[in-house]
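Dear colleague,

I am passing the structure below on to you, and my notes on how its parts are arranged follow after it.

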Amino acid sequence: MQKVLLIEDAKSMRNAIEHILTKAGYRVVTAGDGEEAIRTAQQSIPDVILLDLMLPKLAGQEVLKALKRDPATAPIPVVVLTSLSQKNEHRLRSDGAAGFLEKGDLLNNPGPLLNTLKDVIDDHFRLNRAAAFKF
């Protein structure tokens, strides 16, 4: 069972996404602000991180940069979640984001979220297996 770290400050949204992910078979760990997110990622070492951009204490983009600087969390794929139309997607990807999702209709239509998570996790494990077999 893959572990997802869900970083979302809005409790109702966090609970709803956690329910969707748990129902889909993921083990979910949550954080409600940027500082807690970094601590939780370092302690739990999830398979994938869902990161809201608008967070208290430390903004999502700063969390992403911090996670990618830390050797323990750098390999973990990060999917950015936001309710803003994303003009910064290129910059976020260059900062290390593996994927991007607008929250929009996420709760009514969780398909894109679940498909993105599956694809990101599959890609991550495929790349790690390939790297392990390089001579």
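**Helix packing and the sheet**

In this predicted model, H2 and H3 are roughly parallel to each other, a term that covers angles under 35 degrees. Helix H2 (residues 34-44) and helix H3 (residues 60-69) pack at about 25°, with 9 Å between their axes; axes are lines fitted to C-alpha atoms, for helices over the stretch in contact, and angles run from 0 to 180 degrees between N-to-C directions. The crossing of H2 past H3 is right-handed, meaning that the near helix is turned clockwise from the far one by less than a right angle. On the H2 side the contact (heavy atoms within 4.5 Å) is made by Gly34, Ala37, Ile38 and Ala41, and on the H3 side by Val63, Ala66 and Leu67. Of these residues, 6 are nonpolar, 1 is polar and none is charged, where Ala, Val, Leu and Ile count as nonpolar, Gly as polar, and Asp, Glu, Lys and Arg as charged.

Helices and strands here are DSSP runs numbered from the N terminus, with at least four residues of H or I for a helix and at least two of E for a strand; two strands pair if DSSP finds at least two bridges between them. On that basis there is an open sheet of 5 strands in the order S2-S1-S3-S4-S5, with parallel pairing. S2 and strand S5 (99-102) are the edge strands, each pairing on one side only, and the twist from one strand to the next averages 20°.

Strand S1 (residues 3-7) runs parallel to strand S2 (residues 27-31) and is joined to it by 5 bridges, with Leu6 standing opposite Thr30 in S2. Between S1 and S2 the chain passes through helix H1 (residues 11-23) in a right-handed β-α-β crossover, that is, the path over the helix runs clockwise when the strands point away from the viewer.

Strand S4 (residues 78-82) pairs with S5 in the parallel sense over 4 bridges, and Leu81 has Leu101 of S5 as its bridge partner. H1 packs on the sheet, where it touches S1, S2, strand S3 (48-52) and S4, and its direction makes about 165° with that of S2. H3 also packs on the sheet, touching S3 and S4, with its direction at about 155° to that of S3.

Residues are numbered from 1 along each chain as its sequence is written. Because the model is predicted, local features need pLDDT of at least 70 and side-chain atom pairs count only at pLDDT 80 or more, while totals for chains, interfaces and linings use all residues, and side-chain values use heavy atoms, with hydrogens and water left out.

Best wishes

Technical notes
Parallel < 35°, antiparallel > 145°, perpendicular 65-115°, else oblique.
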